[in-house]
Amino acid sequence: MKIGFVVNDIETEKAEYTTNRLAMAAKEMGHEAWYMGIGDFAYQPDGSLSTKARAGHAKSYRSLERHLADVKRPDVEQLIGIDEFDVVMLRNDPADDAESDPWRNNAGVAFGQLIASSGVLVVNDPTSLANALSKAYFQHFPEVVRPRTLISRDEEMIEEFIKDLGGKAVLKPLQGSGGAGVFLIDRKEAPNLKQIIEAISRDGYVVAQEYLPEAAKGDVRLFVMNGRPLEVDGSYAAFRRTNTTKDIRSNMSAGGKAAKVTVTDEMLEMVEIVRPKLVSDGMFLVGLDIVGDKLMEINVFSPGGLGSAQSLYETNFAPAIIGELERKVNIRRHYPEIDNGSLATS
């Protein structure tokens with residue numbers, strides 16, 4: 001297979017990222033693994049699509065660092081027709097560019113849709129990803145798995161909601177990820193509530209969410225593939241993200257650390273509840289962020305942490321993901337009429 005991995009910018013990629021692990025696994029399984037950035041696509045006058053892309057061309061690599069270093073070499077860049085690819089994985093995070101380069105926000109899903117229409121398998125399905133560009137997508141999942149939530153820009157409404165919650169809540173922007181702009185409102189922060197609401201609402205809607213006491217222990221990242229927990233050799237691709245500071249965010253990018261976790265029946269039940277929509281939306285690979293008996297977020301763009309899971313359980317989960325892509329490409333060869341969204345999670 002020829003696999004394309006779409007990232008925000010090749011130059012800002014890091015060796016330990018999940019994307020690099022997937023690319024390395026693909027190479028070790030005999031496939032071509034190409035990187036392309038959000039700004040590297042072109043739609044030609046004749047309706048064809050092309051992209052500037054880079055790949056490491058050694059037969060094997062001793063380390064993730066060596067592989068990515070080769071990918072980043074400018075002299076390996078090539079212009080490739082999109083129709084040469086069998087699969088394109090959208091691994092860019094729109095939130096990373098939301099402020100600095102807002103034009104990038106929709107570019108990934110827009111070109112993803114064009115690529116899918118050309119007959120190349122695109123995961124996750126770009127049409128559904130377009131609907132998931134804001135946290136409002138999360139509200140389409142059953143209420144039983146979600147914390148109580150209000151989305152509004154009305155200060156009085158937000159204040160009343162927090163009062164109903166007993167004065168403790170989490171506020172965050174509707175757009176964004178990685179723990180950016182997240183505030184815990186309690187007695188200490190109550191005097192600053194108006195300023196916090198004003199600061200968040202400057203850039204759009206405010207998400208007010210009930211605070212779950214279990215959050216003090218961190219959250220659990222659980223990978224889900226084809227609507228089912230990713231499991232290899234009896235180990236789940238899951239870990240607890242804990243924070244060693246007083247910061248309420250447990251995101252790895254915000255100082256969180258990974259620890260082993262036991263995947264409980266309650267967690268598996270949550271996967272059962274969200275599976276129908278994930279499958280219906282063509283969400284091939286996602287990360288569920290779990291606190292207690294609730295889902296805090298579903299990362300459908302670029303779920304990370306495979307390296308943490310691999311280190312904790314001494315299990316490489318990446319080949320299982322590439323193996324599923326192999327299976328889907330074989331299905332496409334026999335059944336080209338199956339639409340992208342259905343094939344993504346079949």
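What follows is a conversation about how some descriptions of this predicted model are reached.

Colleague: Why are β2 and β7 called edge strands of their sheet?

Modeller: The sheet is open and has four strands in the order β2-β1-β6-β7, with parallel pairing. β2 (32–37) and β7 (121–123) each have a single partner strand, so one side of each is left without a neighbour in the sheet, and that places them at the edges. On average, neighbouring strands in this sheet are turned by 20° against each other, with direction ignored.

Colleague: How do you know that β1 and β6 count as paired?

Modeller: Two strands pair if at least two bridges are found between them, and strand β1 (residues 2–7) and strand β6 (residues 87–90) have four bridges in the parallel sense. As an example, Ile 3 has Val 87 in β6 as its bridge partner.

Colleague: What makes α1 roughly perpendicular to α2?

Modeller: Helix α1 (residues 18–28) and helix α2 (residues 64–71) pack at an angle of about 90°, their axes being 10 Å apart. Angles from 65 to 115 degrees count as roughly perpendicular, and therefore α1 is described in that way relative to α2. The residues that meet are Asn 20, Arg 21, Ala 23, Met 24 and Lys 27 in α1, and Leu 64, His 67 and Leu 68 in α2. Helix α1 also lies across β1, β2 and β6, and it runs at about 150° to β2.

Colleague: Why is strand β4 described as largely enclosed by the rest of the structure?

Modeller: A residue is called buried when its relative accessible area is under 20%. Four of the five residues of β4 (residues 49–53) are buried, so the strand is largely enclosed by the rest of the structure. With strand β3 (residues 41–43), β4 pairs in the antiparallel sense over three bridges, and Phe 41 stands opposite Thr 51 in β4. With strand β5 (residues 78–81), the pairing of β4 is again antiparallel, over four bridges, and here Ser 50 stands opposite Gly 81 in β5.

Colleague: Why is Pro 276 counted as exposed?

Modeller: The cut-off for exposed is over 50% relative accessible area, and Pro 276, at 53% relative accessibility, therefore counts as exposed. Other residues of α7 are buried, namely Met 267, Met 270, Val 271, Val 274, Arg 275 and Leu 278. The buried residues of α7 pack against β12 (219–225), β13 (228–229), β18 (285–291) and β19 (294–299).

Colleague: What makes β8 and β10 the edge strands of the other open sheet, which has the order β8-β11-β9-β10?

Modeller: In this sheet of four strands the pairing is antiparallel, and β8 (149–152) and β10 (183–185) each pair on one side only. The twist from one strand to the next averages 25°. Helix α5 (residues 155–164) packs on the sheet and touches β8, β9 (169–173), β10 and β11, and its direction makes about 170° with that of β8.

Methods:
Residues are numbered from 1 along each chain as its sequence is written. This is a predicted model: local features need pLDDT of at least 70, side-chain atom pairs count only at pLDDT 80 or more; totals for chains, interfaces and linings use all residues. Side-chain values use heavy atoms; hydrogens and water are left out. Helices (H or I, at least four residues) and strands (E, at least two) are DSSP runs, numbered from the N terminus. Axes are lines fitted to C-alpha atoms, for helices over the stretch in contact, and angles run from 0 to 180 degrees between N-to-C directions. Contact means heavy atoms within 4.5 Å. Buried means under 20% relative accessible area, exposed over 50%, partly exposed in between (1.4 Å probe, protein chains only). Angles under 35 degrees count as roughly parallel, over 145 as roughly antiparallel, 65 to 115 as roughly perpendicular and the rest as oblique.
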